[in-house]
Amino acid sequence: AIETLGRVNVLCTDKTGTLTEGKFRLVKLQVLNENEFPIAQWLRWACEPQIVDSLEKSIEEHLQALTPDSSLTSEWALVRDYNFDTNRKLMSHVWQRDNVEIISTKGAWEGVLETCNPTPEYRAEVAEIASEAASLGYRVLALAGKVGSSTGDRVVDETGLQMLALLFFFDPLRASVPIATRACQAQGIEIKLITGDHLLTAHAIAEQAGIFHRHNKMF
């Protein structure tokens with residue numbers, strides 16, 4: 001093992017939880033549109049009934065600060081659960097109360113935006129806000145939803161949604177990372193950062209970590 005490590009010239013590293021602490025915090029919720037239900041309600045609908053994911057835990061903490069004494073799903077029943085779509089990077093839940101059904105969707109802003117049939121102008125507006133935040137190292141998610149009966153056909157149900165909000169999460173870099181980065185690169189070891197995050201977010205983390213990279217291409 002020691003001999004093998006001595007011949008390493010490329011080091012591939014994950015970002016979340018390796019370079020960063022893996023402790024997401026929802027630092028900003030930018031409301032884009034409102035309707036008859038509050039944003040906090042839509043946001044809780046978009047999360048799993050039993051929260052285990054670190055991002056959803058951050059959302060729950062944020063909601064507790066907004067509405068500490070209320071349960072946002074107690075009167076509603078979850079009737080459809082559309083799991084995370086790895087291509088569009090989004091997930092949806094359908095909730096029902098009496099004869100009212102809603103669908104709430106959250107995920108990568110690019111995928112969520114497409115469920116809203118955006119105009120070119122609106123797409124550019126949202127992209128500018130999200131890209132600016134990503135370039136600062138934030139992970140950006142979007143929230144969308146609509147009121148209406150579900151069909152059980154995911155493509156149909158996730159069409160014609162209203163863009164509701166953008167969520168900005170921050171996951172701090174580990175304090176030891178820049179030191180380790182300098183040590184590796186001083187020995188001629190090339191560092192590859194691997195992440196499913198937006199490219200601009202990856203570049204921002206690479207800047208903070210001191211990883212050599214080009215700004216106009218992948219690592």
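Student: Why is Trp-45 called buried?

Tutor: In this predicted model, Trp-45 has a relative accessible area of 0%. Buried means under 20% relative accessible area, exposed over 50% and partly exposed in between, with a 1.4 Å probe and protein chains only. Trp-45 is therefore buried.

Student: What makes Trp-76 buried?

Tutor: Its relative accessible area is 9%, so Trp-76 counts as buried.

Student: Why is the pair of Phe-37 and Trp-42 called edge-to-face?

Tutor: Rings of Phe, Tyr and Trp (its six-membered ring) pair if their centres lie within 6.5 Å; planes under 30 degrees apart count as stacked, over 60 as edge-to-face and the rest as tilted. By this rule there are six aromatic pairs. For Phe-37 and Trp-42 the centres are 6.0 Å apart and the planes stand at 80 degrees, so the pair is edge-to-face. Trp-45 and Trp-76 also form an edge-to-face pair, with 4.8 Å centre to centre and 70 degrees between the planes. Phe-37, Trp-42, Trp-45 and Trp-76 form one aromatic cluster.

Student: How do you know that strand β5 is largely enclosed by the rest of the structure?

Tutor: Eight of the nine residues of β5 (residues 100-108) are buried, so the strand is largely enclosed. Strands are DSSP runs (E, at least two residues), numbered from the N terminus.

Student: What makes β4 and β5 a pair?

Tutor: Two strands pair if DSSP finds at least two bridges between them. Strand β4 (residues 90-97) and β5 have eight bridges, in the antiparallel sense.

Student: What do the values rest on?

Tutor: Local features need pLDDT of at least 70 and side-chain atom pairs 80 or more, while totals for chains, interfaces and linings use all residues. Residues are numbered from 1 along each chain as its sequence is written, and side-chain values use heavy atoms, leaving out hydrogens and water.

Methods: Helices (H or I, at least four residues) and strands (E, at least two) are DSSP runs, numbered from the N terminus.
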